[in-house]
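Please look at the model shown below and follow how a few of its parts are packed together.

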Amino acid sequence: MSGHTDDEGAERLAAEGEVAVARLAIDSGDLTHAAEHLGDAILAAPQLPELHEALAELCAAAGGPAAARELFPLDGRVYLGTAVCRAHVEAAAGDWNAAVGLLASAIQAEPARPWAHAAWLAREDLPGLVDPDAVAQAVARATGALPDPLPAEPAEAVRPFHDFVQAVLDRHGDHVLLLAMASGLTRRLGDTARAVELADRAHRSAPGYLPAVMLGNALRSASRPEQALAVWEAELERVAPDLDDSNSYLAVDVAELYGALGRPAEGLPWLDRVLAAVPDHPKAGPARYGLRHALDGDPAHLLALADHHRAHPEHGYAQELLERLSHREPWLGLVSGATEATVNVLHQVLAAADTSRDTEIECTASTVEPPSSVLAVRLALPRSTVRYQAVGEPDPRLPLTEPTTRIWAWDGTDPRPAVDPPAPQSAELVRATAEIFWPTVPAAYDHAVRLAGLPLDDLLGVLVHPPVPREDDLGRALLAHQPELWVRAVQVFACLGIAHHRADQPWEGSERRRVLRDLLLGPEDWVVEAAGFALVAIGWTQPRTRADIAELLRQRLHHGARARRTRAVTILRSLSALVLAAPWTSAEDRALARHLTAREDAADAGAEPEPQESEPQAAEPQAAEPQAPAAAAAEEEPRRGRLRRLFGRG
């Protein structure tokens with residue numbers, strides 16, 4: 001094994017102390033007490049020489065290894081240290097099958113520990129002393145919980161066990177079960193060619209379900225997926241026409257392998273067959289949503305996965321699949337980025353080698369942008385200022401409806417917080433809770449429950465008075481390079497905290513609904529997006545709220561679409577993503593969101609998309625909104641930002 005770390009040194013000291021106490025107990029005749037301390041010692045330092053010497057002394061004091069077995073009982077709930085010590089005692093007693101089986105159980109429990117680095121396991125004559133059936137069962141036990149492939153540390157810990165199994169195979173090369181199980185272990189250690197060879201030998205010797213499964217797994221790991229499909233489909237045809245619990249999981253693997261090959265439509269019929277035979281199958285239903293998502297990318301299938309898991313919490317695969325498909329997707333798995341020209345300039349300044357916290361930046365923009373972008377500038381460069389020259393039409397400083405919640409005030413074109421800073425302890429809890437990534441939308445909602453007890457005024461205050469990032473690697477990187485992501489994360493989790501405020505109140509008429517509605521329909525700002533995400537998260541977790549939330553999102557989306565006719569709307573792409581992340585919104589609104597996203601993408605690329613005959617249109621407001629003069633450059637100048645930077649040193 002590699003050199004000692006500080007933790008290994010501490011563990012060795014702890015083990016040495018346990019061994020010393022055990023030896024005192026042996027000397028006093030208290031063998032049960034000694035065995036308990038040796039069990040603790042072997043957990044801390046499995047390879048400590050003094051420990052194995054003391055274990056031999058304990059066996060001698062008990063009247064030999066066979067008699068010492070009763071000091072490490074295996075009935076009832078078995079302590080891991082007890083099982084490992086018993087493995088060494090069984091080896092000393094010559095019961096090699098039991099010793100190997102117990103060692104495999106230890107590998108299964110904690111694969112990164114060096115249980116297999118035991119002198120007796122490396123005996124040259126051991127492969128001839130064990131029953132290959134017992135070894136095959138031990139391999140199955142050990143590999144059942146191992147990741148595929150194994151990371152470096154557990155791979156090094158498991159390798160002596162693998163080498164022993166290969167030595168047994170040299171003597172029993174026609175043992176089908178051992179060949180199949182050894183293939184799985186070898187595959188996890190990265191030798192895919194050898195894994196294919198072993199599984200192929202098993203499959204040729206005795207074609208059947210287990211050898212076919214293992215051969216397909218080995219072929220897939222060896223980057224031969226088409227051959228894996230052929231093996232698996234042939235096996236399923238062999239047991240046709242019926243699918244049942246014994247072979248349904250292989251059919252799911254076939255379906256998902258088609259998905260991995262970019263052919264999800266060919267996998268769906270397999271899942272339909274499984275669900276026809278086993279309607280409540282724990283993997284087939286979730287896998288079907290996954291393949292349908294692979295076909296069209298519609299977040300509706302991800303919402304269906306969340307609904308499935310809520311209805312069937314025992315189907316953990318739905319949660320696993322939802323996490324995989326949400327990973328690093330804007331709003332589904334991370335906070336959406338910012339596109340303001342102010343932020344772009346901030347990034348340029350932060351990228352300069354001579355920039356420090358004392359750097360002053362005076363940033364002048366041609367038109368008003370979301371005021372939270374000023375928070376990002378001042379978070380990274382506290383001595384800086386941002387000024388706006390003009391206000392676009394419709395006026396982004398105005399709310400869509402008359403609110404009862406206001407967090408921003410304006411002195412002409414200069415924004416300032418309209419609420420007090422939060423209490424320090426509240427700010428610190430939000431600081432400890434906010435994240436830029438989350439596993440799934442429901443997971444983000446659940447994570448924010450810890451903010452449920454904060455005063456509403458503090459949750460509103462933190463929206464415009466964000467704390468600095470946490471003092472960890474990610475926090476330092478955000479402050480140095482992308483402070484806007486931290487501001488947006490704080491706002492997202494503060495709004496999620498509001499989503500948990502007074503959760504005992506029915507949704508309609510609740511304070512949390514009123515405040516989130518005010519924020520969503522308030523002045524154009526990043527807080528609009530944060531409130532929108534909180535509403536989307538509520539909809540994901542509480543289906544009865546979806547119709548109401550769809551209408552609120554619709555109002556904001558259509559307002560943004562109308563405003564974009566005369567000026568830049570920097571939050572529009574993100575708003576569109578939020579609508580698409582709420583698949584219960586109307587088909588028309590989702591079509592508009594996709595259209596707006598395409599227009600924003602085209603504008604970023606320097607061209608507007610060609611108009612379509614049936615281009616989605618934003619609905620006109622019920623009440624008249626002030627209209628801006630149709631100046632030719634009204635949209636282009638805000639998009640480019642026309643910013644200037646003045647640098648100075650404090």
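Why does Gln-491 count as buried? Gln-491 counts as buried because its relative accessibility is 1%, where buried means under 20% relative accessible area, exposed over 50% and partly exposed in between, with a 1.4 Å probe and protein chains only. This is a predicted model, in which local features need pLDDT of at least 70 and side-chain atom pairs count only at pLDDT 80 or more, while totals for chains, interfaces and linings use all residues. Residues are numbered from 1 along each chain as its sequence is written, and side-chain values use heavy atoms, with hydrogens and water left out.

Gln-491 has its place in helix α24; helices are DSSP runs of H or I with at least four residues, numbered from the N terminus. Leaving aside neighbours within four places in sequence, Gln-491 is in contact (heavy atoms within 4.5 Å) with residues including Trp-526, Val-527 and Ala-530. The table gives two distances for its side chain; a polar contact is a pair of N or O atoms within 3.5 Å, of which, within protein, one must be able to donate a hydrogen and the other to accept it, and residues adjacent in sequence count only if both atoms are side-chain atoms.

| Partner of the Gln-491 side chain | Distance |
|---|---|
| Ser-372, side chain | 2.8 Å |

Note on methods:
Helix = DSSP H or I, 4+ residues; strand = E, 2+ residues; numbered from the N terminus.
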